[in-house]
Amino acid sequence: MTTFQLEKHVNYIKSLDKKTDFDSVVMEHLRMSGAYWGLTALDLMHSLNDMNGEEIAAWILKCQHDCGGFGGNIGHDPHILYTLSAVQILALFNKLHILDADKIARYISGLQREDGSFAGDEWGEIDTRFTYTAVLCLSLLKRLDSINVEKAADFIVRCRNFDGGFGCTPGAESHAGQIFCCVAALAILGALHHVDRDLLGWWLCERQVKAGGLNGRPEKLPDVCYSWWVLSSLVIIDRAHWINKEKLRDFILNCQDQERGGISDAPDDAVDVFHTFFGVGGLSLLEYPGLKSIDPAYALPVDVVDRVFYGQKN
Amino acid sequence: MHGRKRFPVGQTPDKSKDQAKREKLKKLLSETLQNHHDRCYTKEALQKNAQLLELNPEFYTGWNYRKLAVRHLFDVETDETVRKTILDQELQLVERALQSNVKSYGAWYHRKWVIEFGLSSLDHEFMLLKKLLKVDSRNFHGWNYRRFAIKKKGTTAEEELDYATEKINENFSNYSAWHYRSTLLSSVIRDKKSKEEILDEEYKLVNQAYFTEPDDQSAWFYNTWLLGETNSRSDAGPHVVGSWPENGSIISVNIQDGAFPLTVSYKTIVNSEQTFTTGALPLVITLDKMVSSLAATVRVEPEIGNPSETTWRPLSAVRVPSKTWVADLPISSSSEGKYTVFLEVSSPTVGEVTSVSFNLEITSGDPGSRKETDRETFSWPGKSASAGELEADTTAKLERLDICGPTAEAGCTQDTTELKRANWQEKLLEAQIEILRDLLELERNSKWPLLTLARVLAAHGSTSFTDEVLELYKLLSDINPDHGDYYKAQYSCLYIDKVTRSADGLKKLWWDCQGSLSSGWLRWNGLGLHEFKYVERLLWVQRLDLSHNRLRTLNGLEALQLLEALDVSHNKLPSVTSLASLRAVRSLQYLNISHNEIGSHPVDTSRYSFPSALTNEVRDHLGERDGSWEIQAVFGGMKLKVLAITGNTAASDEQFRKSILKALPSLKLLDEEEV
């Protein structure tokens, strides 16, 4: 059986920061999320201490705008997605206290619409991804009271479909990534009773294809990123035992670049930090030995989430 | 990178080409950011930005810059024709950008933003969409954009149905089109007559798909929606499905030494007796749907003591809404006499009032029956399923379930769940059953038709199908073992339904309890149960043995407000949080959770199944900082006397035991050792 190349993945992620190839420019606008994926994967592999938290925190603050929101990189516009990544990274380094939580909360609550939905930024694109982002970010900052949480949950419910899943907006088709956002947001809002666990759990477990990997919608190809989106949703609603975990584990392991580290979307494809994170996150949810366990809703290591909500362990 | 092949090990990629592309992109990006910062919207600046977005439409700041530019240009230019030209250029750019990345959220949103001005032709948009969905028929950005365009144009759902039909007929495997169809039809189905016709047509379409592509998931999923629509009732509830005391029961209360404890004996399916130390009689109402508040009144004739407002508390694992509600009927020594108690529950949606009444007789003095001892351990006479049996293969378990299975009879206690179905509904379901049986002749042991047949038979509801459905789930777990636990959970649920549907069914499962055990005791060990369902039919249970099953959660048990003793040893309970529902069972004194999987799993799948600080329902749980917040959250407030935890990984952890003892000051025995 293929084994997990922990050391190679750690080195791969560490090498990304210095890369200057074409892909690194393509990704420049979402460096904040890239950093979150890489650093969280490192933490799951017990290697966060190798990174300079002070330096990273200083860079993060340079991406913040006067409105309170963060851009994906220095000089890029503020957006709710990168605001969450910034908050998540600071949670990893136990540095949430350097943030002006009220200022960020004002930015996010300003993006909530009358119907409870959230826009991604001042330009008004609506998507349940942004609801998750808003809810998660405010929960980590203990500022959920700055938005209308009932309406936020109501909007998610309006995006629920006949198959038990959720889409981007009311009427949109169910998609595993979107389902993760909606289920996790409802979990954090204490509103999981809106989810039909058996109906959704069945749709989600049918995402597993014969070869073991998971797809994001019926009759699509499997992809490592769904190891996170499908599996975390299944864990939140306690239906993860409805899939074959061994087969999924082997699929993820087969997507590793055994020589140079990193994980790709499918076997033999080019690796990237996004799929490396979702692969490691998936293995963590599968209780792969030697990895920290990850919280399925906050998408941060469990010890980080517990530290945020319950303080330092003895 | 999605779909891009890995570069072979040992070879070096040609960097020079990469380098040139990289420099170009980097230059365009920094120029756009600079112009954005300087608010420079010259023709040249916009052209550079367009080049950038054609190369990489994901640079969201680039789209923001363009929106500001359009606003700026509109400030100067008020002529509508010129404005339209400006917007047309934007639409053309989006088209080019989508050619380099058809999944770019930023590009699609820019298009919507432009269309919102109302100056552009929608016909062009539909032409474009037609082309796109022809090439990439599952592109959800395209489908979402179509929904947006339809709304702008004012097309009705009826008109749009033709498009859905066209896409489905092109390819039965287009789940996006089936989904679209379900949303359109939901708004078309109005009155019963049109519903009947529509469903008939839909079944024809979906049946065609089964026979053409029997292995494709799309149509089979669509069937679940059709089934739900076929079976939906006009009186959607909520309805009262259970209560304690039951309607028509007789409750005798004996008060000793002035007030406490109360000894209650009652007649239900069986005669039973219980002692309460709270000085109150619990009243339980169970509904078939969750509600956020319960509109129920309690009336006692003649009036008892000080009539005060009865408060109903929700009992779900999540706080509200809840299916089960509890209230206390206070009883004092001054209230000796005979009473009738009326519970009236009104349903907010259907305006229906359900009445439950029971006779209450209050006396005082020593009934001389029960003597509680603190040292009493919780044990059952007779042989319990052995550990070896637990390890045995589940299929064998499933067979054993069948051996004890009685023939179910309708007309149990308070059966309001019986479906009142119209003739047309029944006809549709029967036609489907026939078609699926035909298909199975051709595709023997094929998963989708088998599963669908099981569901249609179950939806039909006739008890004569129950055993066939159980067989089907058993077969499915054999032929599709990857999802075996899904089928076994369905099996387990239906099995409990079957045996609890009638009093006779229940009594047959008591075969090893009769005689030596008191009534009010229920022993369901070694049955392969996955979840405890239909709890509303078992509200009278005082002692419950669910050991040697496959339970992963105790959800539902919170409704058992008379429960004193619970044995869930030898199950698959994975964590402390999976016990959370027991917090609401105030009467519980003996608990055996030994030989489960508590402490064996780093991933807690019940972490989000009850209120905590993580779910923002409880703020900073008791300030627990020793890593045991779950223990405090679950056990804190329980009044257990006896607890067994041995055989769990966590049980050998000294810190775990300490936290348990701290959370349970009332505990007398832990793993048979005095505390």
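Visitor: In what order do the four strands of the open sheet run?
Guide: The order is β1-β5-β8-β7, in chain B, and the pairing is antiparallel. This is a predicted model.

Visitor: Which strands are at the edges?
Guide: Those are β1 (240-244) and β7 (313-314) of chain B, each pairing on one side only.

Visitor: And how many bridges join β7(B) and β8?
Guide: Two bridges, in the antiparallel sense; strand β8 covers residues 322-330 of chain B.

Visitor: What stands opposite B:Pro314?
Guide: B:Trp325, which belongs to β8(B).

Visitor: Changing topic. How many residues are in the largest nonpolar core?
Guide: That core has 266 residues. B:Leu360, B:Leu566 and B:Phe635 have the most contacts inside it. Helix α9 (residues 176-188) of chain A gives the largest share of this core, 11 residues.

Visitor: What about the second core?
Guide: The second core is separate and has 32 residues. Among them are A:Phe22 from chain A, and B:Ala97, B:Ala107 and B:Leu119 from chain B.

Visitor: Now helix α3 of chain A. Is it mostly buried or exposed?
Guide: α3(A) is mostly covered, with 13 of its 14 residues buried.

Visitor: What span should the helix have, and why?
Guide: Helix α3 of chain A (residues 31-44) has 14 residues, and at 1.5 Å a residue they should span 20 Å. The expected span is 1.5 Å times one less than the number of residues. The end C-alpha atoms of α3 are 20 Å apart, so the two values agree.

Visitor: What comes just after α3(A)?
Guide: A:His46 is found there, with a positive phi of about 60°.

Terms used
Residues are numbered from 1 along each chain as its sequence is written. Chains are lettered from A and ligands numbered from 1 in the order in which they are written. This is a predicted model: local features need pLDDT of at least 70, side-chain atom pairs count only at pLDDT 80 or more; totals for chains, interfaces and linings use all residues. Side-chain values use heavy atoms; hydrogens and water are left out. A nonpolar core is a set of buried Ala, Val, Leu, Ile, Met, Phe, Trp, Tyr and Cys residues joined through side-chain atoms within 4.5 Å. Buried means under 20% relative accessible area, exposed over 50%, partly exposed in between (1.4 Å probe, protein chains only). Two strands pair if DSSP finds at least two bridges between them.
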